[in-house]
Amino acid sequence: MQPQGINRCRHIEVIDEAIAELLTLHARTAEPAPLPHQYVGTIVDNTIGLLTAPANSLDRGARHIGFEQNENWLSLMQAVHRSFFSSLHTATEKALADICTKRGVQVTSRLQTASEKALTELIPELPQTPNAHRVLKNLRKLFRTVHPGFDDYLNSALGTSAIPPSAQVTWRKFFRGLSIVRNKVSHSDPTLSLAEISDLRAGGFSFMVKEPDTLVMNPRMYFQSATFTLDFLDVVCIAAE
């Protein structure tokens with residue numbers, strides 16, 4: 001079934017043009033180009049791969065890509081991992097924000113609150129000079145730009161639910177692990193700290209830890225992560241009614 005309500009021909013045209021343009025960068029980004037250029041080339045190759053699926057879905061095309069080196073294919077899979085876990089994390093945050101809005105809960109940034117408290121306690125210790133007041137004013141402006149994060153929405157939603165405290169701890173550990181995975185797949189270094197390894201294991205992500213300290217991924221991990229997230233939303237949405 002073809003998507004309705006979009007200009008399929010125009011989308012196909014634009015995607016094909018984008019792929020053709022990106023392919024012209026190969027000469028600048030493939031070996032023996034400098035390593036920083038190759039990093040950009042990896043992203044370009046990944047994007048070409050990801051663009052083929054939506055284009056083929058629109059015109060039942062047979063666009064395909066190949067890889068001369070296994071590392072390039074693995075990099076594309078890393079891009080898919082990044083997309084899945086980042087999107088899952090973002091979608092959950094949006095769901096939590098909607099629940100808080102529906103229940104009339106004002107979500108504030110814990111970081112901003114803590115920073116304001118620290119600044120307030122610091123005021124008596126500061127010299128009463130124009131320069132000190134200016135610095136304090138600038139710091140307050142800076143902290144006011146801090147927006148609520150995932151944990152702020154999670155804690156606010158849990159705080160207004162009937163979920164038992166022990167279950168809340170379990171869910172917090174799961175989402176702490178999911179946040180670590182989301183962050184790690186978005187960066188070039190998969191090495192885990194001891195604290196991250198401990199949090200992953202506590203959150204049910206032990207299967208993603210390869211000894212001694214590396215995060216490992218494969219697509220079979222998507223189903224379990226999505227299922228646990230849906231199980232949580234089942235509970236928190238019912239508890240939020």
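What is the handedness of the crossing of helix 4 and helix 8? The crossing is left-handed. This is a predicted model.

**Helix 4 with helix 8**
- Helix 4 spans residues 70-102, and helix 8 spans residues 165-185.
- The two pack at an angle of about 140°, and their axes lie 9 Å apart.
- That angle makes helix 4 oblique to helix 8, since only angles over 145 degrees count as roughly antiparallel.
- Helix 4 brings Q78, H81, R82, F85, S86, L88, H89 and T92 to the contact.
- Helix 8 answers with F175, L178, S179, V181, R182 and V185.

**Helix 4 with helix 7**
- Helix 7 covers residues 150-159.
- Helix 4 and helix 7 pack at about 45°, with 9 Å between their axes.
- The two helices are therefore oblique to each other.
- Their crossing is left-handed.
- On the helix 4 side, the contact is made by H89, T92, E93, L96, A97 and C100.
- On the helix 7 side, F150, Y153, L154, S156 and A157 take part.
- H89 and T92 of helix 4 contribute to the contact with helix 8 and also to the contact with helix 7.

**Helix 1 with helix 3**
- Helix 1 runs over residues 8-23, and helix 3 over residues 35-59.
- They pack at an angle of about 155°, with axes 10 Å apart.
- Helix 1 and helix 3 are therefore roughly antiparallel to each other, as the angle is over 145 degrees.
- The crossing of this pair is left-handed.
- From helix 1, the residues in contact are R8, H11, I12, I15, A18, I19, L22 and L23.
- From helix 3, they are V44, T47, I48, L51, T52, A55, L58 and D59.

**Cis peptide bonds**
- The bond from E31 to P32 is cis, with omega near 10°.
- P32 sits in the loop between helix 2 (26-29) and helix 3.
- The bond from E211 to P212 is also cis, and its omega is near 0°.
- P212 belongs to the loop between strand 1 (209-210) and strand 2 (214-215).

**Positive phi**
- R60 is not a glycine, yet its phi is positive, at about 55°.
- R60 falls in the loop between helix 3 and helix 4.

- One of its residues, L142, lies in helix 6, which spans residues 130-144.

Conventions. Residues numbered from 1 in each chain as written. Predicted model: local features only at pLDDT ≥ 70, side-chain atom pairs only at ≥ 80, totals over all residues. Heavy atoms only, no water. Helix = DSSP H or I, 4+ residues; strand = E, 2+ residues; numbered from the N terminus. Axes fitted to C-alpha atoms, helices over the stretch in contact; angles between N-to-C directions. Parallel < 35°, antiparallel > 145°, perpendicular 65-115°, else oblique. Left-handed = near helix turned anticlockwise from the far one by under 90°. Contact = heavy atoms within 4.5 Å.
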